[in-house]
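Here is a short note for a colleague who is opening this entry for the first time. Please read the points with the structure in view.

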Amino acid sequence: MEEIGFLGIGIMGRAMAVNLLRHGFKVTVWNRTLSRCDELVQHGASVGETPAAVIKKCKYTIAMLSDPAAALSVVFDKHGALEHICAGKGYIDMSTVDADTSSQISQAITSKGGSFLEAPVSGSKKPAEDGQLVILAAGDKDLYDQVVPAFDVLGKKSFFLGQIGNGAKMKLVVNMIMGSMMNAFSEGIVLADKSGLDPHTLLDVLDLGAIANPMFKMKGPAMIKNSYPPAFPLKHQQKDMRLALALGDENAVPMPVAAAANEAFKKARSLGLGDHDFSAVFETLSK
Ligand SMILES: NC(=O)C1=CN([C@@H]2O[C@H](COP(=O)(O)OP(=O)(O)OC[C@H]3O[C@@H](n4cnc5c(N)ncnc54)[C@H](OP(=O)(O)O)[C@@H]3O)[C@@H](O)[C@H]2O)C=CC1
Ligand SMILES: O=CC(=O)O
């Protein structure tokens, strides 16, 4: 494949770009805080000074940014992606955003002749490091086919979900479920503890039954120790709950469980836990 641009070297972007480099891709990176690119240079990456410079250099550019405001800013602001996007270039936004944000980006890119794919991912820091993400792509099928070699490195499975917005919506549905589960799990651990049970035994029981899952298994032991090293920052989970609730609003879908979970994540943010892992929502109950 041609050289790949990578915009956004946060928890996920760093792991994904390193993975591409490890598998022999040439990668040019950019990050708003440019110093975060230094480590990538040691892995063999080049650095672009602006998103526009990366787009100019690379046939394909991936973005992995925090939220809708960041995704829009990197495309539309001065020295943004739009300045050099043109026919023959592809832009792949893998950030978790809402369908409307994705459509705005798609329209802007395609109106300048470029091609666009949204491709949010399911799977956190460790799956990103291990190339085990689940990729939820939608938009330009030709571009999808062209970047499959990169997706094969980044993920264990890619879905092509059709028109723009479908990838964003699928991701929000999945994370709405995940955020609700994390709250139910937190309440369960506290309930076990306060009613005189050993929370570690609860984890063992859960792991053997019908609701066993990798998230409970991975996060539970650390939560019991009140430890929340950020893999998926809580502020991003709350953003996903907010965007999923807006999708529910648009479609008149009642979501009382997700709404309550969103309040708990908001409470956690108000306690200053936004940069901790999203499992820190546990703190809203255990104090
Ligand atoms: N972490 C996870 O487990 C997963 C995260 N996601 C999604 O992936 C995306 C990235 O997540 P993650 O890597 O964890 O987040 P981080 O907070 O670690 O990284 C966010 C990135 O966005 C950049 N950024 C933020 N605001 C702006 C802005 N206004 N202009 C330009 N760049 C900006 C940051 O740059 P700077 O360094 O300068 O702050 C950084 O590169 C999010 O949409 C998240 O919801 C999806 C699946 C899993
Ligand atoms: O978006 C977070 C994840 O773990 O997936």
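Which polar side-chain atom lies 2.7 Å from an oxygen atom of ligand 2? The one in lysine 171. The points below begin with that ligand.

1. Basis. This is a predicted model, in which local features need pLDDT of at least 70, side-chain atom pairs count only at pLDDT 80 or more, and totals for chains, interfaces and linings use all residues. Residues are numbered from 1 along each chain as its sequence is written, chains are lettered from A and ligands numbered from 1 in the order in which they are written, and side-chain values use heavy atoms, with hydrogens and water left out.

2. Surroundings of ligand 2. Ser122, Gly123, Ser124, Lys171, Asn175, Met178 and Phe232 surround ligand 2. A residue counts as near if one of its heavy atoms lies within 4 Å. By class, this shell has 2 nonpolar, 4 polar and 1 charged residues. Ala, Val, Leu, Ile, Met, Phe, Trp, Tyr, Cys and Pro count as nonpolar, Asp, Glu, Lys and Arg as charged, and the others, Gly among them, as polar. Helix α8 (residues 166–194) gives the largest share, 3 residues. Helices are DSSP runs (H or I, at least four residues), strands likewise (E, at least two), numbered from the N terminus.

3. Polar contacts of ligand 2. Such a contact is a pair of N or O atoms within 3.5 Å. A polar side-chain atom of asparagine 175 lies 2.8 Å from an oxygen atom of ligand 2. Glycine 123 places a backbone N or O atom 2.8 Å from a ligand 2 oxygen. On its own, ligand 2 has 200 Å² of accessible area, and the protein covers 89% of that. Areas come from the Shrake-Rupley method with a 1.4 Å probe.

4. Surroundings of ligand 1. Here the shell has 27 residues; the closest are Asn31, Thr33, Ser124, Ala231 and Lys239. By class, 12 are nonpolar, 10 polar and 5 charged. Helix α4 gives the largest share, 3 residues.

5. Polar contacts of ligand 1. An N or O atom in the asparagine 31 side chain is 2.6 Å from a ligand 1 oxygen. For a polar side-chain atom of arginine 36, the distance to an oxygen of ligand 1 is 3.0 Å. A polar backbone atom of glycine 10 is 3.4 Å from a ligand 1 oxygen. Taken alone, ligand 1 exposes 910 Å², and the protein buries 89% of that. The elements giving two or more residues to its shell are α1 (11–22), α4 (68–76) and α11 (234–250).

6. Annotation. UniProt lists residues 3–162, in an unreviewed entry, as "domain: 6-phosphogluconate dehydrogenase NADP-binding". Such annotations may be inferred rather than shown by experiment. In the model, residues 3–162 are 41% helix and 23% strand.

Note on methods
A polar contact is a pair of N or O atoms within 3.5 Å; within protein, one must be able to donate a hydrogen and the other to accept it, and residues adjacent in sequence count only if both atoms are side-chain atoms.
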